[in-house]
Every structure is written in C-alpha cells, then in structure tokens.
Amino acid sequence: MNAPAMQRLIAELRQSGISDERVLAAIAAVDRERFVTPAFAERAWENTALPIAFGQTISQPLVVAAMTEALNVGPRMKVLEIGTGSGYQAAVLAKLARRVYSVERFKPLSREAEKLLINLGIYNVVFDVGDGTKGWAGQAPFDRIIVTAAAEERPQALIDQLAVGGILIVPVGRDPTAQVVERIVKSESGLQRDTLMPVRFVPLVAGALPVLGQG
C-alpha cells in the first residue's frame, strides 16, 4: 500500500466533509491499488473513478465514502450490495458490517472480486451472479442496501427486501448528467426519501444476464 498517497486521500475526504471515522478507517484499510487494473495502479489513490472490465468503473473514493457514510452501517448489520464490480465497495463495507451480500451481472467480475477479497483476508462477503434489480430475496430482509449503478426509477424489489428501520442508498436518473443519490429510510409508516448528491454512474441493467463473460 502507498501509505503517503492513502493519507493524502483521507485528508481530502475529510476536507470534502466526510466525518465518520469508521468510514475513513475502512477506506484507509482497503488497498485501492489491488482493485484497479495495472495500467491505473499509479492513480489508485486519486479521488477519481477509474475504468475496470466490461465497461464498468471503480467509483470515485469520495462517492464511496459519502454513500457509505449515508448508509450508516453498524457492526451487527446484514448489507446487500448491488453491483460488485471490482469488489472495492464490498471490501469497504466488510470492514463495517457483520456480513455483506454482493450481486453482480458479470460472472468474471464476481469471481475476480471473490478471489481478491479472500486474498486480502476478507471473508464476510458472499457473492452471487444475477439481475441486481431483483435483489437477493433468499437472504432478505437486509438492514442496509446499497446500489452502485444508476436505476431509472426506485427499484421496488429492493425496497421490499429492506427491513423496517433499514436504509437504501441508490443513484437514480435516466440521464447520466442528471443522476442523484437518494437515501430511502423504511419505517412502519412508509418511506422517507432524501436527495444526497449529484453523481454519474453506469446504468443499473435489468433482464437476462449477458452471455458475454459468463465463463
């Protein structure tokens, strides 16, 4: 791990308003270099999104930190992540939660992330390949759900799989230039929605899984 670069990033996140020390500690503890392609290793600790395989991205650290902070994860919680990607967000969540369930459309991404997390000694993440818009009904309800791709509208299946008192963090918006992260809190009396920040995510795709990359 490039400790000086990591410390610079943590300082930048603090200056940008991230104040949850548990979140900052989790980001400091996960070596982002291991989650990017070798071509981008030198930029791993920059506060920027970077490309990974299958047209996906590893999110900007500030977005990861802000969404994780808004999720307000406790150490006994069960968290569902939609969009495993490189596994970076799952690794950060694994430092905060009891167990993380992560769903990815692309089988090779899921397999690589699983292998990497085991290599890093992170064993409390369970992986599945599937249509993320459907969540993971067999493991519901979840205390927290985070979506790392932009939904055209609020995904009802995920809201249904959220426990009462639970929080869902999801980027919403058809137009990539007008996406926002929403926080949805589920209570006995209904849903409370807040808009947190503008973002730009790859789209959350529903329907049949791609044949490409299912080996």
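Q: On what basis are the values given, and in which order do the strands of the open sheet lie?

A: In this predicted model, local features need pLDDT of at least 70 and side-chain atom pairs pLDDT 80 or more, whereas totals for chains, interfaces and linings use all residues. Residues are numbered from 1 along each chain as its sequence is written, and side-chain values use heavy atoms, without hydrogens and water. Strands of a sheet pair through backbone hydrogen bonds, either parallel or antiparallel. Here the 7 strands follow the order β5-β4-β3-β6-β7-β8-β9, with mixed pairing. Strands (E, at least two residues) and helices (H or I, at least four) are DSSP runs numbered from the N terminus; two strands pair if DSSP finds at least two bridges between them.

Q: In which sense do β6 and β7 pair?

A: Strand β6 (residues 142-147) pairs with β7 (residues 162-172) in the parallel sense, over 4 bridges. Phe142 stands opposite Leu162 in β7.

Q: How many residues line the largest pocket, and which lie nearest its centre?

A: Rolling a probe the size of a water molecule over the atoms shows where empty space is left. A pocket is an open set of points on a 1 Å grid over the protein atoms alone, where a 1.4 Å probe fits, with protein on both sides within 12 Å along at least five of seven lines; lining residues have an atom within 4 Å of a point. The largest pocket has 29 lining residues, with Gln56, Gly83, Gly85, Glu104 and Thr148 nearest its centre. Helix α3 gives the largest share of this lining, 3 residues.
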